[in-house]
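These are my notebook entries on one chain. I recorded what I looked up, entry by entry.

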Amino acid sequence: MSGISVPTPQPYPVHPGMETGDAKEELRRAIRAQRGLRSARRRAEAAAALADVIESIPEVRDAGCVAAYAARSAEPDMLPLLDRLADRGVRALLPVLGAGLARDWADYTGPDDLLERAPGRPPEPGGPALGTDAVKLADVVLAPALAVDSRGVRLGQGGGWYDRALTHLRPGAKVVAVVFPEEVYDAADHPLPREDHDIPVHAVATPADWRWLG
């Protein structure tokens, strides 16, 4: 298990009296703006480091199937990791968003198969959809996030897709949120806003290190 130290979080724009949903949206805007400042070179360096870190997680190292994601331009890039998993013969499932909040998955077969099907949506594989319950095949889920705190509270993009998808996990499967180091918050000082439908994660991975949460 890693002994990552939680970095000092950047102040996030939550003000007394704000509703939880408003607090989340202000925090999302602030983090997205900060992510947008990273150069292509820094993103590439972070992607290589992130692959090293995630491959060191025992549950990932021993997995036969991993549910992951294809990143949008400013998110932590997963392609180096996905290719390493494929080279080891590990099956990787990626989300297929479908209409509305439809939850589906398809196999990752290489970067040339990924297609951005609509502006702002993450790239998706072009192979056959496997159904909502395909995530039950995964030993580990690598979930995108904008932030995560030491309780395991994950701040997503706001659509609720992963919170719904994670209700289909098989017992014992671990969920690892993937963020940049400055997006890990110490809940003792800066707890992230949480709503009843938010599903906590088990661990967090960054290009610097990883740790169990909660």
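**Entry 1: helix α1**

I began with α1, and found that its buried residues pack against β7, β8, β9 (174-178) and β10. I took helices (H or I, at least four residues) and strands (E, at least two) as DSSP runs, numbered from the N terminus. The model is a predicted one, in which local features need pLDDT of at least 70 and side-chain atom pairs count only at pLDDT 80 or more, while totals for chains, interfaces and linings use all residues. Residues are numbered from 1 along each chain as its sequence is written, and side-chain values use heavy atoms, with hydrogens and water left out.

I listed the buried residues of α1 as A23, K24, L27, R28, I31 and R35. Seen down the axis of α1, these residues fall within an arc of 135°, so they line one face of the helix. The arc is that of the directions from the helix axis to the C-beta atoms. Buried means under 20% relative accessible area, exposed over 50%, and partly exposed in between (1.4 Å probe, protein chains only). Contact means heavy atoms within 4.5 Å.

I then checked the length of α1, residues 20-35: at 1.5 Å a residue, its 16 residues should span 22 Å, and the end C-alpha atoms are 22 Å apart, which agrees. The expected span is 1.5 Å times one less than the number of residues.

**Entry 2: the sheet β8-β7-β10**

I looked up the strands that α1 packs against. Three strands form an open sheet in the order β8-β7-β10, with mixed pairing. Its edge strands, β8 (154-155) and β10 (184-185), each pair on one side only. Strands pair if DSSP finds at least two bridges between them. β7 (residues 147-149) and β8 run antiparallel and are joined by two bridges. I noted L155 in β8 as the bridge partner of A147.

**Entry 3: helix α2**

The buried residues of α2 are A46, A47, L50, A51, V53 and I54. They fall within an arc of 165° seen down the axis of α2, so they line one face of the helix. Among the elements that cover them I found α3 (58-61), α4, β6, β9, β11 and β12 (210-212).

**Entry 4: strand β9**

Is β9 mostly covered or mostly uncovered? I found it mostly covered, with four of its five residues buried. β9 pairs with β6 in the parallel sense over five bridges, where V140 stands opposite K174 in β9. β9 also pairs with β11 in the parallel sense, over three bridges; here V178 stands opposite A205 in β11.

**Entry 5: nonpolar cores**

Which residues have the most contacts inside the largest nonpolar core? I recorded I54, M78, W105, V141, L142 and V148, in a core of 53 residues. Elements that each supply at least two residues of this core include α2 (40-55), β6 (140-144), β9 and β11 (203-205). A nonpolar core is a set of buried Ala, Val, Leu, Ile, Met, Phe, Trp, Tyr and Cys residues joined through side-chain atoms within 4.5 Å.

Leaving aside neighbours within four places in sequence, I54 is in contact with V60, M78, L81, L142, V178 and A205. A second, separate core has eight residues, including L27, V153, L155 and Y185.

**Entry 6: aromatic pairs**

I searched the whole structure and found four aromatic pairs. Rings of Phe, Tyr and Trp (its six-membered ring) pair if their centres lie within 6.5 Å; planes under 30 degrees apart count as stacked, over 60 as edge-to-face and the rest as tilted. W105 and Y162 form an edge-to-face pair, 6.4 Å centre to centre with 85° between the planes. This pair links distant parts of the chain, with W105 in strand β3 (residues 104-107) and Y162 in helix α5, 57 residues apart. W105 counts as buried at 1% relative accessibility, as does Y162 at 8%. Ring pairs link W105, W161 and Y162 into a cluster.

**Entry 7: E124**

I looked up E124 in strand β5 (residues 124-125). E124 is buried, with a relative accessible area of 1%. Neighbours within four places in sequence aside, E124 is in contact with P95, V96, L97, D113, L114, L115 and R117.
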